[in-house]
Amino acid sequence: MNIPLKSLESPAGDIVSPGLEGVVVAETVLSHVDGAAGRLILRGHELEQLAGWSYEAVLSLLWRDLAAENLDEAEIRARLGAARMAAFERMTAALPALQGLTQVEALRLLLSLLPDTETERHHLVAVASVPVFAAAIARRSRGLDPVRPDARLGSAADFLRMLHGVEQGADKVRALDTYLVTVADHGLNASTFATRVIASTQAGLFSSVIGGLCALKGPLHGGAPGPVLDMLDSIGAEDNIQPWLSAALDRGERLMGFGHRIYRVRDPRADALKRAVAGLRDTGGRIAFAETVEREALALLAERKPLRPLQTNVEFYTALVLEAVGFPRESFTNVFAAGRMAGWTAHVLEQDRVGRLIRPQSRYVGPMPV
Ligand code: ACO
């Protein structure tokens with residue numbers, strides 16, 4: 001076991017690591033994050049290779065030999081289409097209950113409709129449900145009715161169709177597919193860990209992935225991309241970049257879209273997403289501005305935090321991709337959940353095979369009875 005940097009040793013000799021840095025609690029065949037080299041490997045494939053695959057192909061890769069049956073890309077696409085139709089029917093009656101909730105809270109509520117007793121193909125149901133629910137929630141926030149899925153389409157194409165009400169161009173579908181693949185799995189991040197802890201109690205797949213969503217929604221994890229756009233808008237113009245960023249750091253604020261627990265070099269997902277957004281029409285001005293903000297932010301972070309290498313993380317270019325394909329920023333975390341559902345479900349299936357309850361210990365530092 002690596003000894004974590006900020007670990008504390010108790011008089012009894014046990015190691016306390018408050019953020020679990022460097023603590024290895026699971027073996028996985030699913031993904032490997034090499035924070036020093038800036039590499040992400042999913043079941044033997046570099047992220048750069050996978051960025052051209054469809055989301056369904058990556059699901060087939062992640063679920064292989066873990067799910068009850070191995071399905072290829074085309075079979076998964078067909079089954080997800082059918083499951084989206086079922087998810088739509090299930091959702092309709094519950095929509096009035098979403099009143100007053102944020103978009104991610106609304107997704108949490110709709111996922112809670114899925115019964116843990118339904119265990120057949122539950123991984124497919126979970127993956128299929130998120131785009132249906134997330135698109136309906138985003139439309140509802142604009143006062144629009146939900147759009148029925150089209151079972152013939154792939155996940156990314158139908159997600160955009162259900163959001164906009166009409167099919168979108170191939171370039172936007174490709175960009176969203178790249179996004180879903182890029183965030184599909186990423187080692188034992190906070191939400192995946194939460195998911196595996198719940199799975200280890202045998203609570204059921206839907207309960208496990210709802211736990212993952214709850215962990216994802218925080219701004220230190222999957223809640224950052226909306227605030228990235230808020231930051232770009234608030235900066236507004238090139239001559240305000242330096243003063244705005246300096247003032248934020250003076251106030252002790254964190255710059256959204258920068259820094260990572262594992263990566264000490266650039267997050268490889270940032271470049272995959274930058275390429276995806278660069279392939280879209282009419283994004284040139286926004287990207288050029290974002291790149292200038294990124295450059296100045298990295299220079300300032302290097303100056304202010306010389307001991308801590310802080311680089312661009314996945315959330316910075318996530319914000320630009322999702323904005324370019326038309327998602328409202330309040331829905332970004334739900335779109336992240338749509339992609340990460342691949343990893344969460346695969347980790348539940350893997351954890352089920354391990355079969356060991358995850359139960360660490362705490363060190364008591366309170367008073368003893370007298
Ligand atoms: N802006 C400014 N300073 C930062 C940032 C940032 N984005 N990130 C870390 N730091 C600083 C901290 O203030 C701290 O400085 P100090 O030692 O002087 O107090 C130092 O770097 C180390 O910070 P930690 O909190 O120990 O780093 P940790 O590994 O816990 O943080 C995290 C990782 C949470 C992602 C952090 O970098 C952050 O808050 N980033 C902004 C939010 C964000 O982009 N979240 C998305 C992450 S990607 C994902 O989850 C999908």
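Let's start with helix α8, residues 190-200, where Ser191, Thr192, Thr195, Arg196, Ala199 and Ser200 are buried. Buried means under 20% relative accessible area, exposed means over 50%, and partly exposed is in between, with a 1.4 Å probe and protein chains only. Helices here are DSSP runs of H or I with at least four residues, strands are runs of E with at least two, and both are numbered from the N terminus.

A word on the source. This is a predicted model, in which local features need pLDDT of at least 70 and side-chain atom pairs count only at pLDDT 80 or more, while totals for chains, interfaces and linings use all residues. Residues are numbered from 1 along each chain as its sequence is written, and side-chain values use heavy atoms, with hydrogens and water left out.

Back to α8. What do the buried residues of α8 pack against? They pack against α9 (205-216) and α15 (332-354). Contact means heavy atoms within 4.5 Å. After α8 comes Gln202, with a positive phi near 65°.

Now α9 and α15 themselves. Two packed helices are described by the angle between their axes and the distance between the axes. Axes are lines fitted to C-alpha atoms, for helices over the stretch in contact, and angles run from 0 to 180 degrees between N-to-C directions. For α9 and α15 the angle is about 135°, and the axes are 10 Å apart. The two helices are therefore oblique to each other. The cut-offs: under 35 degrees is roughly parallel, over 145 roughly antiparallel, 65 to 115 roughly perpendicular, and the rest oblique. α9 passes α15 in a right-handed crossing. Right-handed means that the near helix is turned clockwise from the far one by less than a right angle; anticlockwise is left-handed.

Who makes the contact? From α9, Leu205, Ser208, Val209, Gly212, Leu213 and Leu216; from α15, Thr333, Phe336, Ala337, Met341, Trp344, Thr345 and Val348. By class, the α9 and α15 contact has nine nonpolar, four polar and no charged residues. Ala, Val, Leu, Ile, Met, Phe, Trp, Tyr, Cys and Pro count as nonpolar, Asp, Glu, Lys and Arg as charged, and the others, Gly among them, as polar.

Look at Thr345, in helix α15. Is Thr345 buried or exposed? Its relative accessibility is 0%, so Thr345 counts as buried. Leaving out residues up to four places away in sequence, Thr345 touches Trp63, His123, Ala126, Val127, Leu205 and Val209.

Next, Arg121. It sits in the loop between α4 (103-111) and α5. Arg121 has a relative accessible area of 38%, so it is partly exposed. Arg121 touches Glu69 and Arg79, again not counting residues up to four places away in sequence. Ala83 is 38 residues from Arg121 in sequence, and the C-alpha to C-alpha distance is 9.6 Å.

On to α5 itself, residues 122-140, packed with α6, residues 155-164. Their angle is about 25°, with axes 8 Å apart. α5 and α6 are therefore roughly parallel to each other. Their crossing is right-handed. On the α5 side we have Pro131, Val132, Ala134, Ala135, Ala138 and Arg139, meeting Phe159, Met162, Leu163 and His164 of α6. That contact has eight nonpolar, one polar and one charged residues.

Now α10, residues 225-235. Buried here are Pro225, Gly226, Val228, Leu229, Met231, Leu232 and Ile235. Their cover includes α11, α13, α14 (314-324) and α15. Just after α10, Gly236 takes a positive phi of about 80°.

α11 (residues 241-250) and α13 (residues 284-304) meet at about 40°, axes 10 Å apart. That makes α11 oblique to α13. The crossing of α11 past α13 is right-handed. By class, the contact has eight nonpolar, three polar and three charged residues.

Finally, the whole protein. It has 15 helices and five strands. Buried residues make up 51% of the 370 residues. Of contacts with a separation of 6 or more, 74% are between residues 24 or more positions apart. The C-alpha atoms fill a box of roughly 60 × 55 × 45 Å along the principal axes.

That's the tour. Over to you.
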